[in-house]
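Thanks for coming. I will take you through one structure, piece by piece, so please have the sequence and the view open.

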Amino acid sequence: MNAPVDINKASAKFLQVTAEHLAVYMEACVRCGLCAEVCHFHQASGDPRHTPAYKLVPMTKAYRRQSGPFAWLGLAPKLTEKDLTEWEELLFDTCNMCGRCTIVCPMGIDIASMTAAARQAFVAAGLGPEDLEQSAQNSLDHGSPLGLTVDKLEERIDWLADDYEVDIPLDKGKAEVLLTISSIEMMKYPDSVVAMAKLFNAAGVDWTFSTKGYEATNFGYLAGRADIAKAMVERIVAAAEETGAKTVVIPECGHAYGVLRWGGGNIHGKPLPFEVWHITEYLAKLKREGKLKFKPIDGKVTYHDPCQVSRRGGAKDDARYLLESFKEFREMEPTGNYNWCCGGGGGVQAIQRSAEIRYKVFRIKMDQVEKAGADALVSSCANCRLTMDESKAHWKWDHDLVSIVEALADAIDGPAAAKD
Ligand code: SF4
Ligand code: SF4
């Protein structure tokens, strides 16, 4: 951003977003350094500035100066422009809000939520990566970060329905389930949209997409734009209310699930009028109910847990229930709640200048997959997939990346519901 850095606005925003629990975190850090070893950015770079606790210095500084227990003495150092410009990159480019540091922190400090709050202050000061900000602005102005406007959505759904001969209901009227889309899928991996439609049709789900609220990703949240975060949530609420859907399913996208499932009520200002399910949770439910059955799937595969679905979302076991269809599934070490992030979560994938550090981070994943003896890496997040696809190309790595939804749609056992 080219606007002058406004320290006062940043300080005021830091305080505005410092809810009670965040203030407790800032007082609680005992500087033990345990979080350093588990952050993949620190692991990949060896740079001490990538220690999770260090990333929070400006927020702590603003808090101590203005509202900490001894703020009245006026002795705590002031936040400076240098602080903000130096930490901008640390908070935007080298934190995926993955929550891995929190699971080892003896004080239970939630660095991810502190990063999200700090980003709002940086944006208030006129800082933040332009490309991430643009993704958020595109979402507000055009419906999605990647140019998936309503017209384009209609056009692409028509095309996919014709080409793949599958029903893809859009604005069907009333439906029990509202399915949402990550525009990363629609623009880069459209087969996963077809796969979701095939699976839902095969299970007899009464579902629809809606032009009123289709984009699942929430770049407003990632970019520190609370206004856009709210607008995106409200679109889905409006779409669900119009269709009467009491269930909203988030597609293969980690942060979209985290933001709506765990933060949606707060952003909306009251409880959401529907349940939020990640696609893996919903497919597992359909499988448990006997509405979906799968043929065995070939290939030695392992699973990349998207941080916001597994560690922060609590849905790691449903994915594994679905992964039982793979004849040769093997776990990586570590896995599940302790899994390493792909490097692109928290909006980092959208920040061009972060490419080099993302590639370095991905080497951890490559090593894990190779040690597990797997030929392919399955995931349930299009953002992870895009991050890993780019990093894979950078290293000329020869392993496959597989969408769990696409693999399962190809293995449906029994005839899919006929096209009208
Ligand atoms: S949330 Fe993840 S990326 Fe951010 S500091 Fe913690 S471990 Fe590192
Ligand atoms: S592990 Fe927790 S208490 Fe220790 S330095 Fe990191 S944030 Fe502070």
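Which residues are buried in H17? They are Ile279, Thr280, Glu281, Tyr282, Leu283, Ala284 and Lys287. Before going on, some housekeeping. This is a predicted model, in which local features need pLDDT of at least 70 and side-chain atom pairs count only at pLDDT 80 or more, while totals for chains, interfaces and linings use all residues. Residues are numbered from 1 along each chain as its sequence is written, and chains are lettered from A and ligands numbered from 1 in the order in which they are written.

Now the terms I just used. A residue is buried if 20 or more other C-beta atoms lie within 10 Å of its own, exposed if 12 or fewer, and partly exposed in between, with C-beta atoms placed from the backbone. Helices (H or I, at least four residues) and strands (E, at least two) are DSSP runs, numbered from the N terminus.

Back to helix H17, residues 279–288. Seven of its ten residues are buried, so H17 is largely enclosed by the rest of the structure. What do those buried residues pack against? The partners are helix H13 (191–202), strand S3 (247–250), strand S4 (275–278), helix H18 (316–323) and helix H21 (404–409). Contact here means that the C-beta atoms of two residues, placed from the backbone, lie within 7 Å. After H17 comes glycine 290, with a positive phi near 80°.

Next, the ligands. A residue is near a molecule if its C-beta atom, placed from the backbone, lies within 6 Å of it. Ligand 1 is surrounded by 14 residues, and the closest are Cys39, Pro52, Cys95, Cys98 and Cys101. Helix H5 (52–55), helix H8 (100–104) and helix H9 (111–124) are the elements that give two or more residues to this shell. For residue classes, Ala, Val, Leu, Ile, Met, Phe, Trp, Tyr, Cys and Pro count as nonpolar, Asp, Glu, Lys and Arg as charged, and the others, Gly among them, as polar. On that scheme the shell around ligand 1 has ten nonpolar, two polar and two charged residues.

Ligand 2 has 13 residues around it, of which Cys29, Cys32, Cys35, Ala53 and Cys105 come nearest. Here the elements that give two or more residues are helix H3 (34–38) and H5. The classes in the shell around ligand 2 are eleven nonpolar, one polar and one charged.

On to helix packing. Two packed helices are described by the angle between their axes and the distance between the axes. The axes are lines fitted to C-alpha atoms, for helices over the stretch in contact, and angles run from 0 to 180 degrees between N-to-C directions. Angles under 35 degrees count as roughly parallel, over 145 as roughly antiparallel, 65 to 115 as roughly perpendicular and the rest as oblique.

Take helix H1 (residues 7–17) and H9: their axes come within 7 Å and cross at roughly 155°. H1 and H9 are therefore roughly antiparallel. From H1, the contact uses Lys9, Ala10, Lys13, Phe14 and Val17, and from H9 it uses Ala117, Gln120, Ala121, Phe122 and Ala124. That contact has seven nonpolar, one polar and two charged residues.

How are helix H10 (residues 130–142) and helix H15 (residues 226–243) arranged? Their axes come within 10 Å and cross at roughly 40°, and H10 and H15 are therefore oblique to each other. Ala136, Ser139 and Leu140 of H10 meet Ile228, Ala231 and Met232 of H15. By class, this contact has five nonpolar, one polar and no charged residues.

Last, some loop details. In the loop between helix H11 (150–164) and strand S1 (177–179) sits glutamate 165. Its phi is near 50°, a positive value in a residue other than glycine. Glutamate 165 is exposed, with 10 other C-beta atoms within 10 Å. Aspartate 171 is in the loop between H11 and S1, and its phi is also positive, near 50°. Aspartate 171 is partly exposed, with 15 other C-beta atoms within 10 Å.

Leucine 170 lies in the loop between H11 and S1. Leaving out residues up to four places away in sequence, leucine 170 touches Glu154, Ile157, Thr208, Phe209 and Thr211.

One more loop: proline 334 lies between strand S6 (326–329) and helix H19 (355–372). The peptide bond from glutamate 333 to proline 334 is cis, with omega near -10°.
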